[in-house]
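Dear colleague,

Please find below the structure that I promised to hand over to you. My notes on what was found in it follow, and I would be grateful if you read them with the model open beside you.

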Amino acid sequence: MTAASGGAGPRTPAPGGTGPGTAASGGAGPETAAFRDHSVVAAADRSRWQTRRRARRWALALRSGRGTAVVCALGVVACALSVALVITVGQAGIGVADVWRVVAARLGGADAGLTPLREGIVWELRLPRALLAAVCGAGLGLCGAVLQSLLRNPLADPFVLGVSSGASTGAVSVVVLGVGGGALSLSAGAFAGAALSFALVLLLAHTSGGTTDRVLLSGIAAMQLFSALTSLIVFVSADAEQTRGVLFWLLGSLGSASWAEVAVGAGALALTLVVCLARAHALDAFAFGPEAAAALGVRVRRMRLTLLLVTALLTAVLVSSAGAIGFVGLVLPHAARAACGPAHRRLLPVTALLGAVFLVWVDTAARTLLAPRELPVGVATSLLGVPAFVLILHRGRRGRGAPGRAGAGL
Amino acid sequence: MSLSARNVAWRAGGRLVVDGVSLDPRPGQTVGLLGPNGSGKSTLLRLLAGIRATSSGVVTLDGRPLREVGRKAVARRVAVVEQHAETGVELTVEDVVRLGRIPHRGAWAGPGAEDEAAVREAVERTRLADRLDQPWHSLSGGERQRVQIARALAQRPSELLLDEPTNHLDVRHQLELLALVARGPVTAVVALHDLNLAAMFCDHLVVLCQGRAVAAGPPGEVLTEELVAQVYGVRSVVTAEGPGGRPSVRFLPEEETEPRQTAEETS
């Protein structure tokens with residue numbers, strides 16, 4: 001007992017001031033003060049603390065709000081550059097300057113001075129496609145990161161709550177069965193299916209107790225059910241051509257991107273990003289489970305419902321315009337965590353930006369590598385993404401425990 | 001005043017896990033919760049923290065029911081250290097301690113000077129200052145316990161709820177931790193298994209048995225041979241030989257066995 005009290009005593013700040021202020025003033029002052037207060041241990045502790053702080057200054061700078069802002073600004077620039085660059089990739093021979101001129105012209109500037117055909121390629125085809133890729137990549141990455149933390153499962157992805165399977169059932173109902181009598185588009189059908197599936201998951205999860213495990217299991221049940229329904233519909237009534245069309249859509253395609261889809265997707269993305277970022281600290285609190293989060297002041301049920309709703313909404317919007325693009329939402333959050341640590345204030349924007357840049361480039365590869373044929377983007381994401389991810393996993397493993405990496409946490 | 005429970009009960013699957021317990025620690029007091037496994041200690045702590053809603057009865061903070069105070073405001077006052085803490089996230093010691101500042105931070109705010117000071121003070125008091133970079137997953141059970149306690153201290157609570165905090169700790173750290181809790185200005189409610197540690201550090205003891213409070217009061221009054229026999233079903237000798245004349249409990253083997261004989265047989 002005496003050892004305990006003796007040990008804890010000197011650690012309280014001494015009146016003579018062995019704190020950072022005197023330590024920094026140099027000379028014999030702090031040393032004598034330390035002896036006078038019998039606080040050598042405390043002084044040593046403190047100087048060790050100071051050294052650590054100095055050594056990790058860059059990590060601290062990154063952790064602060066400004067650091068995150070810098071990282072995000074760089075990410076946005078990288079994203080914009082990627083979009084501008086990928087538009088020039090392809091057969092029309094368009095340069096970055098042309099892209100800039102077309103955008104300026106459309107936004108009310110001088111005439112672009114390009115042929116209508118080339119201007120159309122930039123404005124009607126490649127720009128909305130690249131932007132939709134960016135929105136999808138960002139949205140899927142964001143949803144994946146949020147769901148992995150919320151459900152405490154590293155295998156969670158945006159489709160874990162049955163949204164994509166519901167969307168596919170909705171899509172084949174419209175395309176193959178002709179539900180809606182031609183008034184419904186494929187996207188509308190997909191969105192309706194996704195919403196229905198998610199509602200079913202919420203209902204199931206709620207009636208079975210509402211815990212994290214129940215939510216996951218309900219999602220799996222819905223996923224299986226709607227996948228089976230899709231297969232059943234295709235099996236019973238589709239011809240080969242329709243089946244091919246549906247399959248292609250299921251694997252993801254950004255080929256039909258329109259400005260309307262970009263606008264809706266970007267709106268949903270912005271909403272979800274704001275809602276999730278406002279709960280970034282609360283997501284951090286989930287590291288030790290929902291009860292620990294509750295003890296840290298998080299209203300667990302309400303937050304879980306809110307986040308499930310916004311991520312499901314965003315996923316449904318993205319899936320109905322671009323199909324179920326896999327890999328991005330499952331793997332990119334892990335890559336982002338390896339790069340910037342587990343704090344959600346940084347993780348969420350970084351994952352979104354990483355996803356955006358990733359999908360912009362992968363979609364470009366998908367449309368050009370086998371030209372004139374187009375690879376489904378969902379196939380390309382995995383083919384190109386897995387090797388990159390393996391590389392990151394190995395890097396992360398070697399780098400773990402290094403002071404810089406460790407300091408980039410919460 | 002401060003945190004107080006009036007006649008609280010919690011029901012699960014038709015069984016009353018906590019059955020009408022009242023608790024009213026004075027500010028700064030250290031209250032020990034004793035009782036055998038499954039007597040409702042952990043559940044009572046969760047009710048006190050507001051993590052679980054009471055089936056009946058009410059928990060109040062400064063006279064206001066927890067529900068009215070609000071989750072976040074409660075978490076700024078009441079810190080909890082659970083018995084088990086597990087995570088799949090790759091966190092460092094510092095990351096975990098920083099979690100304690102969540103209730104104090106706005107949704108969009110970065111860590112401020114007060115957050116830094118609270119984290120620093122917490123790690124110094126728990127002697128973790130030189131281990132901040134260590135990954136959580138590389139820590140032993142006792143070290144994890146200390147990190148969780150540092151996290152709770154970083155919350156700068158006025159009430160601290162600890163569920164068997166001395167589990168996994170070696171003797172020195174057990175004494176150090178309980179001294180930290182008992183000497184500090186916080187009001188602490190601590191579930192404990194070790195009767196002697198409870199007698200040594202607690203100002204007030206509440207003994208639970210099958211969800212009911214069967215005894216409450218200062219250690220000298222509560223810890224008797226009769227109570228130990230009644231609650232734990234174990235024979236013991238209680239003397240006033242603990243520090244400051246507090247009770248000291250020595251357990252005896254069951255009546256039927258004869259220790260000398262068994263010792264000879266085994267050797």
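**A loop residue in chain B and its surroundings**

B:Gln83 sits in the loop of chain B that runs between strand E6 (78-81) and helix H4 (93-99). Please bear in mind throughout that this is a predicted model. Which residues does B:Gln83 touch, once its neighbours within four places in sequence are left aside? The contacts are with B:Ser42, B:Gln145, B:Asp163, B:Glu164 and B:Asn167. A further pairing shows how the chain brings separate parts together: B:Gln83 and B:Leu162 are 79 residues apart in sequence, yet their C-alpha atoms are 7.9 Å apart in space.

B:Glu164 belongs to the loop between strand E7 (159-163) and helix H7 (171-183) of chain B. Its phi angle is near 45°, a positive value in a residue other than glycine. Is B:Glu164 buried or exposed? Its relative accessibility is 7%, so B:Glu164 counts as buried, the cut-off for that class being under 20%.

Another loop residue of chain B is B:Leu132, found between helix H5 (113-125) and helix H6 (141-154). B:Leu132 has a relative accessibility of 1% and therefore also counts as buried. From B:Leu132 to B:Arg15 there are 117 residues in sequence and 43 Å in space, C-alpha to C-alpha.

**Chain B as a whole**

Chain B contains eleven helices and twelve strands. Its C-alpha trace spans about 65 × 45 × 40 Å along the principal axes. How does the radius of gyration of chain B agree with that of a compact globule? For 267 residues, such a globule would have a radius of gyration near 18 Å, and the 20 Å of chain B agrees with this. Of the 267 residues in chain B, 51% are buried. Among the contacts in chain B with a separation of 6 or more, 62% join residues 24 or more positions apart.

**Chain A as a whole**

Chain A has 20 helices and zero strands. Buried residues account for 50% of its 410 residues. Of the contacts in chain A with a separation of 6 or more, 74% are between residues 24 or more positions apart.

Two packed helices are described by the angle between their axes and the distance between the axes.

The crossing of H9(A) past H11(A) is left-handed. On the H9(A) side the contact includes A:Ser165, A:Gly166 and A:Val172, and on the H11(A) side it includes A:Met223, A:Phe226 and A:Ile233. By class, the residues of this contact are six nonpolar, seven polar and no charged.

H11(A) also packs against helix H10 (residues 186-207) of chain A, at an angle of about 140° and with the axes 8 Å apart. H10(A) and H11(A) are therefore oblique to each other. Here the crossing is right-handed. Among the residues that make the contact are A:Leu196, A:Leu200 and A:Leu204 of H10(A), together with A:Arg214, A:Ala222 and A:Phe226 of H11(A). The contact of H10(A) with H11(A) has ten nonpolar, three polar and one charged residues.

The remaining pair is helix H8 (residues 116-150) of chain A and H17(A), which pack at an angle of about 75° with their axes 7 Å apart. H8(A) is thus roughly perpendicular to H17(A). Residues of H8(A) including A:Gly137, A:Gly141 and A:Gly144 meet residues of H17(A) including A:Val328, A:Pro333 and A:Arg337. This contact of H8(A) with H17(A) comprises five nonpolar, seven polar and one charged residues.

Where is A:Phe327 found? A:Phe327 lies in the loop between helix H16 (300-322) and helix H17 (328-340) of chain A. The phi angle of A:Phe327 is near 75°, a positive value in a residue other than glycine. With a relative accessible area of 12%, A:Phe327 is buried.

With kind regards

Methods: Residues numbered from 1 in each chain as written. Chains lettered and ligands numbered in written order. Predicted model: local features only at pLDDT ≥ 70, side-chain atom pairs only at ≥ 80, totals over all residues. Heavy atoms only, no water. Left-handed = near helix turned anticlockwise from the far one by under 90°. Helix = DSSP H or I, 4+ residues; strand = E, 2+ residues; numbered from the N terminus. Contact = heavy atoms within 4.5 Å. Nonpolar A, V, L, I, M, F, W, Y, C, P; charged D, E, K, R; others polar. Rg over C-alpha atoms; globule rule 2.2 N^0.38 Å. Buried < 20%, exposed > 50% of the residue type's maximum accessible area, 1.4 Å probe, protein only. Axes fitted to C-alpha atoms, helices over the stretch in contact; angles between N-to-C directions. Parallel < 35°, antiparallel > 145°, perpendicular 65-115°, else oblique.
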